[in-house]
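Thanks, everyone; I would like to take a few minutes on one structure, beginning with a sheet and then turning to an interface. Please have a look at it before I go on.

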Amino acid sequence: MKLLLGTLYLLGILVSEELGYDGSLAQHRREVVEETVSQRRGLDAYSYTRYHPMEEIYQWMIQISEKYAEVVTQHFLGMTYETRPMYYLKISQPSNNPKKIIWMDCGIHAREWIAPAFCQWFVKEILQNYKDDSRIKKLLRNLDFYVLPVLNIDGYIYTWTTDRLWRKSRSSHNNGTCFGTDLNRNFNVSWCSIGASRNCQDITFCGTGPVSEPETKAVSSFIESKKDNIVCFLTMHSFGQLILTPYGYTKNKSSNHEELIQVGQKAANALKEKHGTNYRVGSSADILYATSGSSRDWARDIGIPFSYTFELRDNGTYGFVLPEAQIQATCEESMAAMLSVLDDVYEKYWGVDSAGKAASSAVVLGLLFSFMSLL
Amino acid sequence: MPPRLQPPPASGTGRPRAAVLPLALLLSLALQGVAAAPAGAGEPEDSLRRRDPELPRGLLEQAARAALHFVNFRAGSPSSLRVLADVLEGRARVNPKKECQVDLVFTTDCYNPEEGEERLGKCSARVFFRNQKPRPAINVTCTRLIEKNKRQQEDYLLYKHMKQLKTPLDVVSIPDSHGHIDPSLRPIWDLAFLGGSYVMWEKTTQFLHYYMAQLSSVNQWKTNDDAIDFDYTVLLHEFSTQEIIPCRIHLVWYPGKPLKVKYHCQELQTPEEASGTEEGSAVAPTELNNF
């Protein structure tokens, strides 16, 4: 009897704690629940049609990798000049399948705000749809996405605090009298040979040497270490409405130029179907201008087959200062282009044809071995 | 790289079977000069370059932009500014002094998309680039989209609106960092763009062109003597150097009258600074000295 009463008493305490009559335990549990809910609410309330300062993007990356922990992990890439951490998100569907890597970076030029906005949109689209959308599900079977939402973090912050039209990094030169390297002239490919300047005051300053900047070094080293598995290198810019293939440092074409143009043109067509926006496709030297030391050219030359620069909206009416009202349409059409490229890349390596070829060659080999074993 | 055979655009595609006469015709057309198909296909620029390696890429677009800046300046109407839609056709010639003459036809669109109808205009122009010296010579005619009276009416409405604005000297930048232009401040932007058109016309060469990135400050806004006296600074984005060039512009505008404008730009690259003055004398001799 006493035992029963004792048990009932204990149960009573537990129940009342659950119901919150008692102070501490339930309170704490509630606080934990509330915090998680507000974090999730934070993500639910995150607007992909507004521009976000760097602090919010840092927070967003953490929240995204927590909410979608089954497929997303956040990784440290390196430090910026002003000692800020650079993080990329890895989106990967766990499986035994062999995987290849798609790399996407945004915001190598600070003032091109629509680019980081697109990187965030891209991540959001993949994660919100990977369970139900067969196209994205298929891509994730064999592709991992590595997304760097803001490459030039110092510069990006500078455009929020000081100069909206800043382009370069914020490295200091000439005893602090001159600032910033054009990170997209700093890669080790025909460095500073053309379309770049040795003068720190210029906006296309190529740096004090190839890969002189910590941001360039961080990206370079990482891509270099994974290059055997990277099939696609995509770098997002604005403005101009262009899909650029290698090269900028020469009018010569890469060995797979025709293919790159074909895939690019298909992407431009898919893009146009969304809102009628016209994009042009071509090599940088042909349809834009000569540049050296660009990340796209460097990526191609270390062997990454699909390497593109996307110059997003618009055509100069607003230029870098693209109104927030256009973020959604820009992202929707650019997403269509991106998926088109990814589909083509996927087809090339794991498509019906290539699977068929693999299967039939396996059959032939099998027959050969069994024949030989008969001898 | 082996030269690709470029089919002249006007004649269409396909392999003619009994080709002798059309072929002769094509050959004679090809020999007459450098012609180009609609830009945007990527090909015409190739054909221009392949015929004459002296010609810079995107030359037709350069010429169209210069011509359009000039059209906007000459019209002096902030309510009917035009932007480039498409280059339809064009040809270019370079002389031994590396000066470029471009003849072209292009279409234009409304600058202010909120004005409802997408009314495509058409212009034909001859643009003469003086080998990187400023002030390309422009001869241009455009289809008239709005009657002169209607245009003046619209301008007058804008003018009245501007006169009612509180002096916008505390304006930090238009558009703001997020690309917003307050609708009440839009006329200021349009007027600034009109003045900027003069500057951008003068500065455009066969290699450099400009966009107006931001109105960064208003130094003076006077509306007392029956005209808008507007002193401001814009940031021009210079292509292909990517530089941002601050230009101080002072204009005086009254609807229907030619625009008076002075400017001074801070050049970073070259030691000489660009500046100029215009009293709208390019429009018509009878309209000088109206102020």
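By helices I mean DSSP runs of H or I with at least four residues, and by strands runs of E with at least two, each numbered from the N terminus. This is a predicted model, in which local features need pLDDT of at least 70 and side-chain atom pairs count only at pLDDT 80 or more, while totals for chains, interfaces and linings use all residues. Residues are numbered from 1 along each chain as its sequence is written, chains are lettered from A and ligands numbered from 1 in the order written, and side-chain values use heavy atoms, without hydrogens and water.

In chain A, an open sheet of 8 strands runs in the order 1-2-4-3-7-10-8-9 with mixed pairing, where two strands pair if DSSP finds at least two bridges between them. Its edges are strand 1 (72-79) and strand 9 (280-283) of chain A, each pairing on one side only.

Helix 3 (residues 54-67) of chain A lies across strands 1 and 2 of chain A, at about 30° to strand 2; contact means heavy atoms within 4.5 Å, and angles, from 0 to 180 degrees, are between N-to-C directions of axes fitted to C-alpha atoms, for helices over the stretch in contact.

As for the interface, 29 residues of chain A meet 24 residues of chain B. The two chains bury about 2,300 Å² between them, 56% of it on carbon and sulfur atoms, buried area being the accessible area (1.4 Å probe) that two parts lose on being put together, summed over both. On the chain A side, A:Leu165, A:Tyr289 and A:Tyr318 supply 22% of the area that chain A buries against chain B.
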